[in-house]
Structures are given as C-alpha cells and as structure tokens.
Amino acid sequence: MNSFERVVAALTHKIPDKVPVFLFFTVHGARELGISLREYFSKAEYVADAQLKLVKKFGHDCVYPFFYAAKEAQAFGCSVVFYEDGPPNSGDPVIASYEDIDDLDVPRPDSPVLEEPLKAIELVAEKVKGEIPIISAVIAPFSLPVMLMGFTKWIELLLFGDKNTRNKLLRKTKKFCVAWANAQFKAGADALGYFDPLATADIITRDEFLRYDFRLTKDTIRKLKGPVAYAGAGGSFNSIIDLLPETGAAGIVVSSKDDLTDVKKKVGDRLVVMGNLNNIEMARWTVADARKAVRECLGKGAQDGGFILSDQHGEIPYYVGDDVLAAIVETVEKYGRYE
Amino acid sequence: MTIAVLKMNAESYREDFLNSLLGAEYYGAKKILRSALKELSAEDVLLKVVTPALNLLGEKWAEKEIALTQLYVASRITEDAISKLLPLIREYPPLKYKAVIGTISGDYHALGKDVVIRFLRAAGVEVKDLGVSVEPEVFVEKAVEEKADLIFVSALMLHTALRIADIAKILRRKKLSVKLVVGGAPFNFDKNLHKKLGAHAMVRNALDGINIVKKLMEGNG
Ligand code: B12
C-alpha cells in the first residue's frame, strides 16, 4: 500500500496495512532549506521543495504545503508579522471598526496574495498526486474574524453586538472559505483541515455553538468539493463531539486534552479520528518520550481502523528535533501494523 | 390570606448570578446585581455575591467545564460591578499588592491578559498594564519603577513563550525578589514549561490569577 491508498483506507473506514501517520510541518521546511521563514514563505518552490524533502526524510504519509493561517487575513488586507522560529501571525487588523465590515471586500482565490500557496499545492501535486496525500487547510468562517478584527472585537460583536453586522461578516467569511477551499482542491489538495478552534469547548459553550456556528459550518462544508477534517487547533471538542458527524466533515483532529478511546467510541464509526500527540510538549520530548506518547495514541485510537496518527493541532513547532520526529514514524511502523 | 414578600438572601443571589455567568448572559447577570443592590449592602453584594460566584466559576474551570465566553462575560460584569460598588465600600481592597502585566515581545494577543487584569483588579491588586509585545528588560524596569510585587506575563505561542526565560534571568542577575507569573496556551499544554523558563508559577486561567497572588505573596509574608 502506498501512503495514498493507506489514507484512503482509513478515510473509508477500511483497515489499511498500518496506521497512517501525518507530520504537519509548517515551519520545519525553512530549517530544512537553511533559510529564514520570511524567505521560505515568499516562494511556492521553497515550500513545495521542502515538503517533498521532508516526506522523503521521515517517510510519513502526507505532504502539507499549507503556508500559515494568517495568509487568509493577509488576503483580506491585514499585515503579517514574521518570526525566526515560529509561524507568522496576522498583524494590523483590516477591520478597525464595525463599520468597516460593510466595505470589506472578499478576496478572490486568484488574488496575488494567494498565488504562492496555490502554486505550492500544484507543484507537489505534479510530483506525488495519487501516491502521497496532499493536505492543506482552511480557516472556518466562524474563526477567521479573530484575525480580521482581533479577538476582543469579535467576542464583543458575537456576545453583545449587532446581529446583522455579525451575519454580514459571517456571510463574507463563508463566501471566502468556500472559494478558497475549493481553489485548493482544484489545485490538487486531497483533503483540508477545517480549522474552527472557536467552536471548541475552550472558547464557546455548546449552546453558543448551536446558536452561531453549527448551521454555518454545515452550509459551508456542504459546498466544498473535497473532504475536510474538523480541527480544533488544540481546543477540546468534548462539548460538541456528538454534533460533529452531522457537519459533513469526514474526520476530526482531536486535542491532547481529549481521550482518544472516548472519541473513537462516540464518533469513530462516522469520522476518521486524527491525533492527538501534544505538539507543545513535543518540543522538549526525548526519543523515549516520543515512543511512549505514540504507543499510547495507538493503543487508544488504532483499533478497527479509521485512525490517523498526528499531532493535536496541525502544527509541529520549530524546536521539535529530527530524532523525535523520526521516532514518531518508527514507532508507528513498529507498533501500528494491522495484520 | 397573607401575601409573603419574598426576600432573597445573598446566597440565592449568588446562585442566580453564577448561573447567568455560566450561561454567558451579560445582561441577565447585570439585572441580578441591580436587584441584589436593592436588598443588600454594597459590601455584601461584592463579598457575598460577586466574589464567591467568581470562586465557584474558577473551580468549574479547574474541571474543564468553562469556556472563554463565560469567563469573558464574567470579567466584564465584574469590572462593571467593581466600578459601581467600590466607591460605596470602606474596607477594600483585600489584596494590597502591585503587579505589572503584559504580553511577551513578539506576542500581540491581548485578550488573555485583558481578562486577567479585570479579575486581578476586582480582587484589589493594583495592576499596571504594559500592553502587548513587551521586551523582557522593560518588564523588569517597569516592575522596579512601579515597586511591583509581581510580574505577570502572557504568551499565546510557544516560540514567544520561550522568551520569558530572559525575564527570569534578568531578575536573578539583579537579585530582585519580584515574583514572575506566566499564563497562556503553551503553559496549559505543557505543565512544566514555566519551570523550565524560570517562572515562579503558571496560571491555568484568568480567575486563577487571584489564587496565585495569594499563594505566592502569603508565602512572602
Ligand atoms: C482560538 C485559536 C486560534 C484562533 C484565534 C487565535 C488568536 N487568539 O488570535 C485562530 C484560528 C486565528 C488561530 C490561528 C493560529 N494559531 Co491558534 N489556537 C487557538 C486556541 C484553540 C485558543 C487560543 C486562544 O486564543 N484562546 C483564548 C485566550 C484568551 O486564551 P489564553 O491566551 O490561553 O488565555 C487564558 C489563560 O491562559 C489565562 N492567561 C493567559 N495569559 C495569562 C497571563 C497571566 C499572567 C495569567 C495569570 C493568566 C493568563 O487567561 C486567559 C483566560 O482564562 C489555541 C489552543 C488552545 N486550546 O489554547 C491555539 C494555539 C494558540 N494556536 C497556535 C498556533 C500555532 C496558531 C497559528 C500560528 C497557526 C499557523 N500556523 O498559522 C495561527 C496564528 C494566528 C494569528 N494570530 O495570526 C498554537 C500556539 C502554540 C505553538 N504551536 O507555538 C496553539 C496553542 C495550538 C497548539 N496546540 O499548537 N488560533
């Protein structure tokens, strides 16, 4: 079985030869190429090249030509802050006051800012399409406003603000999300992480999810031309887990705070379960720590298929060492076989 | 037949107040405090309704049941209540400490810090807000300038959190006894990270900030 077949088996709830393993490298590529993160993200060729190098080096089951979340905010007109040793962040928000929402233009997926990320997907697709799954990501309409206006403004609008203004904004972020996700599918992505950390129990209550996000998410996912995994970016889904199969997502990325056994029991027959290595602790793991953590995840999640081992977020921090990453893949190789 | 006038006591107000906080119902919570003030003294509203409800809320979060929106509403309502009630009260604040707070350099995420500030101020801690993306040296300089007992630092990302180690180093080098308290997502995912960075304590959520002040400062005499 090649990586693609292995992942398709997991996605369709059939038993693959072994548990697929995804290493979500967002910033390691720059380290691999020996260039700064700013330079790395300036060219699709760098990102595509590094993804192919990394998958060759570690032998995991995906390429992840995703740039960074703030890219979407950048497309809307926000600035971006770069770092030497971590993923870029959104800078000055494009929505300074609620009135700005009226004039907010929804960027088209062929806008210049999004050219390189799409090209990176095309470049890896030329090389590995059908052999290694091509994974990318999109920020959910409900979570994107944090980067467009700042978290405090978004919470205020959500909890105390004008309903029409809120809905107007969500219509715009939804329109963008659908167009951007489908452009990535068209460029060659096989599946996307649908990042909606604002839906998690860390941020809102179940009632609030039902009130503000559930329908929006269902409507959004229905319009997408490929499978998505619902991702909480480390936030816990325990408050809404029973609702997630109804969103239309094909999978779920589970927080390290949540119990894989429990998640598998609740939704494992309907959603592919991914996770849930603690990516923050990972930065100071030893090889032995890595082995132990992987075995624990396999023990809880691998049974009966429908499971992909990955970190809890979709982001491996810059300081995670190569020995730890190699140990993750090796441990799956050794203990993650199905026969 | 007599009509019993139902007088509510502090306890039932507290329960109602807590329930509206749990529902993240800002306007509901506000209304309850308004009614409470008609029957109870400002002292009682603050010390028997607001403060214990916040403590109970903190305990709930410890069991991982509380969402940011609930906490946000609680901090907003607490801020309102304090600004209204404090002028009516003689014996306050209960915690006479000073702190400086900010997000670490490179980190522009202010929300966690802002929620923390509201709760600390409600508990009577005098807090100087240094804003976002504050350099390690500036934290220490300002703490000395303000004669602060504590430095509070917030970080949302791992690579920015790591820079907090520099604050601890400067404090040690200058032999300052100021307590360094940290919080934010990376610390919640790695319970030992704060120790590695040389901080005195980490705080899981904004409400817990108050408990840490008590714990650290009482130990300090
Ligand atoms: C919601 C969320 C998002 C949202 C909004 C983020 C934002 N605030 O801007 C979106 C979708 C935009 C997002 C995007 C990204 N995210 Co994000 N996100 C989260 C999530 C789920 C919650 C973060 C949050 O905002 N919480 C709300 C705030 C208020 O909580 P808080 O800061 O923890 O503060 C509370 C307590 O910690 C405490 N506290 C905080 N500071 C202090 C200080 C003191 C002194 C005290 C007493 C208490 C205290 O009080 C607060 C209230 O209780 C976390 C995972 C998690 N569950 O925590 C990941 C997380 C923060 N994200 C992460 C990352 C990497 C990103 C991206 C960089 C991904 C990428 N590659 O592009 C982008 C960057 C976006 C940007 N800003 O430009 C990582 C950061 C760690 C790391 N790997 O380095 C996290 C931890 C996920 C993970 N496990 O890896 N994210």
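Trainee: Which strands and helices of chains A and B each supply at least two residues of the shell around the ligand?

Mentor: From chain A, strand E2 (89-90) and helix H8 (145-149); from chain B, helix H4 (68-85), helix H5 (111-122), strand E3 (150-154), strand E4 (179-183) and helix H9 (185-189). Helices here are DSSP runs of H or I with at least four residues, strands are runs of E with at least two, and both are numbered from the N terminus. Bear in mind that this is a predicted model, where local features need pLDDT of at least 70 and side-chain atom pairs count only at pLDDT 80 or more, while totals for chains, interfaces and linings use all residues. Residues are numbered from 1 along each chain as its sequence is written, chains are lettered from A and ligands numbered from 1 in the order written, and side-chain values use heavy atoms, leaving out hydrogens and water.

Trainee: What makes the site shared between chains?

Mentor: Residues from chains A and B surround the ligand, so the site belongs to both. A residue is near a molecule if one of its heavy atoms lies within 4 Å of it. Of the 45 residues around the ligand, those that come nearest are A:Ala69, A:Ser90, A:Asn279, A:Glu315 and B:Ser154.

Trainee: Why are H9(A) and H4(B) called roughly perpendicular?

Mentor: Their axes, lines fitted to C-alpha atoms over the stretch in contact, with angles from 0 to 180 degrees between N-to-C directions, cross at roughly 85° and come within 11 Å. Angles of 65 to 115 degrees count as roughly perpendicular, under 35 as roughly parallel, over 145 as roughly antiparallel and the rest as oblique. H9(A) and H4(B) are therefore roughly perpendicular.

Trainee: And what makes H12(A) roughly parallel to H13(A)?

Mentor: The axes of H12 (residues 260-267) and H13 (residues 287-301) of chain A cross at roughly 25° and come within 8 Å. That angle makes H12(A) roughly parallel to H13(A).
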